[in-house]
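Welcome! Please keep the sequence and the 3D view open while you read.

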Amino acid sequence: MLSDNVVEIEDLYYSRGPREIFSGLNLAIRRGEVTAIMGPSGTGKTTLLRLITGQLVPDRGRIRVDGEWLDQLRRAGLYSLRRRIGMLFQNGALLTDFNVFENVAFPLREHFDLPDRLIRHIVLTKLHAVGLRGAAYMDPGELSGGMARRVALARAMATDPKILIYDEPFVGLDPISMGVIVRLVRRMNDALGISSIVVSHDVQELSSVADSSYLISEGKVAASGSPDELHNAQSELVRQFMHGMADGPVPFHFPAEDYTAQLFDDGRVPKDRTDDS
Amino acid sequence: MIRDLAETFGGFVRTFGASQLFFARLLAESPRVLLRPSLVSKQVYNAGALSLVLIMVCGFFVGAVIGLQSYSNLARFGAEDQVGPFSALALMKELGPVITALLFAGRAGTALASEIGLMRVTDQLSAMEMMAIDPVVRVAVPRFLGGAFSLPLLVAIFTSVGILGAYVVGVPLMGLDSGAFWSEMKQGVAQADVWEGIIKSIVFGIATSLIAVWEGYNCQPTAEGVGRATTRTVVISAVVVLIFDFMITAIAIT
């Protein structure tokens, strides 16, 4: 029997070089919901997605996706798990040597031995769902940012995954495209009965689409709950993030040595910055 | 200083080891990819057919200059009828494989490295992994095989056109006898000489394709990283080709 949680992360530690990105992160993503993962830039939101999808391996802690512990999976097991996950990359990551149609057909052709008529049928259905059936024979280079993301969404859905992951789906979109994507996230989730994970820092958009949300900061979950709960939270950090205040627990100034001292010193560059040409 | 040297050497050993493991994976996955010949033939077209004009033009002029040089020098000893075999041996054993491999690294190797590198930068490789499609199988192996198949064919074309170039200089221009040109060549070139050229072209094809695919696949995902990968492809290919050339020649002679 599968649990109610589609993703469970227990006590996750991960560091890149000397920098610790996650230190004891715990979170659970419920099946059938749209879950938002928010956090200031540089908190490792994309890294978290790569950990969930097994592209990176945690230093410590365990991750369970759709009932399977990632650390117990070998390559074939991981690949079979990934066939149940669709992922939308920040820039769409469309294959540039194929047109839109072939991009959506790509996972179908690679995984299944289907007749061309059926592939055509599936691809056109998926493109229709994102409103881009008319762009089927365009090249990725001809698409706007919002269109590329919708094509990528059609491609992510091509093999009917159970989990859809969106990495920063709202970045750099005009308000209309943004509205389209927000609507698609919700509609795909409910119409297909899947679970969605949206990583972003667009508080407004997420509030309208997410069932529950996590705010990640300094390697841990700083707050969780429905978007409304986060909006009304009392914690300084949550308030700073949700209301977009420039200074607070996340300081305006990146850590630096004393201002006066630096203005009057001999202008040398810190030692660890000099050997790197 | 000594520590820096040790670190550099350690880095070299690690990179070399990793590239050999990558090579082993490419070979292990090759049979699967060969079952889908359309993937490979597309890359043979990209790496081979698109390099043809370059290879033929260069081959002709290299052959012509060999004809010219050998004629002017052999004529001093009254041995100008040796222009045919001299040019054929020089082209078949050395210039054909080596110059073609260097041109190939510059034309097809850089294209491969930057193409794969840009796929890395734009997350296309990660996207494939997320679609449960192994990018080594789908992207790296077909390009490696395409390159490795193409180079021996290009070497054969380069050498043939080169001999034609030597003929054009020797016979119509310098007035050698056409029959003597060909018959002396037939006399002077043994089967072992042909084999030496073939073996070199196969080795160079594998080496240059591996270097290009490896550099592209493992480049830093930045604009600078792709630039560095293409540069390294040309530089490392050139060095490796010349070292292998010496080693194979030494083995062939002893």
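## Two chains at a glance

Two residues are in contact if their C-beta atoms, placed from the backbone, lie within 7 Å. With that in hand, take chain B: among its contacts between residues at least 6 apart in sequence, 86% join residues at least 24 apart. For chain A, counting contacts between residues at least 6 apart in sequence, 64% join residues at least 24 apart. Please keep in mind that this is a predicted model.

Chain A contains ten helices and ten strands. Its C-alpha trace spans about 75 × 45 × 40 Å along the principal axes, and 36% of its 277 residues are buried. The C-alpha trace of chain B spans about 70 × 50 × 30 Å along its principal axes, and 46% of its 254 residues are buried.

## The four-stranded sheet of chain A

Let us start with an open sheet of four strands in chain A, in the order β2-β1-β4-β5, with antiparallel pairing. Which strands stand at its edges? They are β2 (19–30) and β5 of chain A; each has a single partner strand, so one side of each is left without a neighbour in the sheet. As background, strands of a sheet pair through backbone hydrogen bonds, either parallel or antiparallel.

Now zoom in on β4(A). Strand β1 (residues 5–16) and strand β4 (residues 60–65) of chain A are antiparallel and share five bridges, and here V7(A) stands opposite V65(A). On to β5 (residues 68–69) of chain A: this strand runs antiparallel to β4(A), and two bridges join them.

## The six-stranded sheet of chain A

Another open sheet in chain A has six strands, in the order β6-β7-β8-β3-β9-β10, and its pairing is mixed. The strands at its edges are β6 (85–88) and β10 (220–225) of chain A, each pairing on one side only. On average, neighbouring strands of this sheet are turned by 15° against each other, direction ignored.

Look next at the end of that order. Strand β9 (residues 212–217) of chain A pairs with β10(A) in the antiparallel sense, over five bridges. One facing pair to find is L215(A) and A223(A), the latter in β10(A).

## A covered helix in chain A

Which residues of helix α3 (residues 100–111) of chain A are buried? They are V100(A), F101(A), N103(A), V104(A), A105(A), F106(A) and P107(A). What covers the buried residues of α3(A) includes α4 (116–129) and α5 (145–157) of chain A.

Most residues other than glycine have a negative phi, and most peptide bonds are trans. D11(A) has a positive phi, near 50°, and is not a glycine; its place is in strand β1 of chain A. Is D11(A) buried, exposed or partly exposed, and why? D11(A) is partly exposed, because 13 other C-beta atoms lie within 10 Å.

D160(A) also is not a glycine and has a positive phi of about 50°. You can find D160(A) in the loop between α5 and β7 (163–167) of chain A. D160(A) counts as exposed because it has 12 C-beta neighbours inside 10 Å.

## The opening helix of chain B

How does the span of helix α1 (residues 2–34) of chain B work out? At 1.5 Å a residue, its 33 residues should span 48 Å, and the end C-alpha atoms are 47 Å apart, which agrees. There is a kink of about 30° at A28(B) in α1(B), shortly before the proline P31(B). Of the 33 residues of α1(B), the number buried is two, so this helix lies largely in the open.

## Where the chains meet

Finally, turn to the contact between the chains. Ten residues of chain B and 13 residues of chain A take part. On the side of chain B that touches chain A there are five nonpolar, three polar and two charged residues.

Terms used: Residues numbered from 1 in each chain as written. Chains lettered and ligands numbered in written order. Predicted model: local features only at pLDDT ≥ 70, side-chain atom pairs only at ≥ 80, totals over all residues. Nonpolar A, V, L, I, M, F, W, Y, C, P; charged D, E, K, R; others polar. Pairing = 2+ DSSP bridges. Expected span 1.5 Å × (residues − 1). Bend = angle between axes of the 7 residues up to and from the residue. Buried ≥ 20, exposed ≤ 12 C-beta atoms within 10 Å, placed from the backbone. Axes fitted to C-alpha atoms, helices over the stretch in contact; angles between N-to-C directions.
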